[in-house]
Amino acid sequence: MTSKEHIIYLILNLAKKFNNQREKSFRQLLEETNYFKIQHQIKEKDILETVNKYPEVLLSWMQWSANKRVTSGWFLIEENGEYIVSYYPHSEANQTLKTRDGHKACAYFILKEIDGLKEVVGSKKLLKKSYEQ
C-alpha cells in the first residue's frame, strides 16, 4: 500500500473512528491522516477505488451524515435504492449527485466533506497569519 493509498484508507475510516471516540474533533482526526500534505493528489476516483475495496465504510459514512447536527453542510442519504449527495440548504453552486451506486455516492460525499474542512483549515491559517502581521 502506497502512502497515498494508506492516507485514503485512513480517511475512509474517519467516520467510524470519530463515532468511537469523542476526545478529538473530526478536523483533528483528518489532520492526523496527513491528508493536508497530499490533498492535491487525492481525487474522487482514488477514493472510489478504495471504497470499492472496503464497501463496509458506506454504512459508517451514512451514519455520519445522519448524525450531523449542523445548520448547513453536505449529506448522504438513500431513498428507494437511490443514493443522494447534496448540500443543505440547497444552492445552485453545489451540485447534487443522484445515483444507484452507493460506493460512488460515498466517495463523492467523503470528498465533499474533507474539501469543506480543507477550506475551514485554510481560512483559519489565513486568519492566523493576518493577526500575526
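Is Glu-32 buried, partly exposed or exposed, and what is its relative accessibility? At 42% relative accessibility, Glu-32 counts as partly exposed (buried is under 20% relative accessible area, exposed is over 50%, and partly exposed lies in between, using a 1.4 Å probe and protein chains only). This is a predicted model, where local features need pLDDT of at least 70, side-chain atom pairs count only at pLDDT 80 or more, and totals for chains, interfaces and linings use all residues. Residues are numbered from 1 along each chain as its sequence is written, and side-chain values use heavy atoms, with hydrogens and water left out.

**Salt bridges overall**
- The count comes to 6 salt bridges, each one a side-chain nitrogen of Lys or Arg within 4 Å of a carboxyl oxygen of Asp or Glu.

**Glu-32 and its partner**
- Glu-32 pairs up with Lys-24 in a salt bridge at 2.5 Å, N to O.
- Lys-24 is partly exposed too, at 35% relative accessibility.

**A pair inside helix 3**
- Arg-27 and Glu-31 form a salt bridge at 2.9 Å, N to O.
- The two sit about one helical turn from each other, because they are 4 residues apart in helix 3 (residues 26-32); helices here are DSSP runs of H or I, at least four residues, numbered from the N terminus.
- Arg-27 is partly exposed at 24%, and Glu-31 is partly exposed at 33%.

- Lys-4 meets Asp-46 in a salt bridge at 3.1 Å, N to O.
- Lys-4 is partly exposed at 26% relative accessibility, whereas Asp-46 is buried at 8%.
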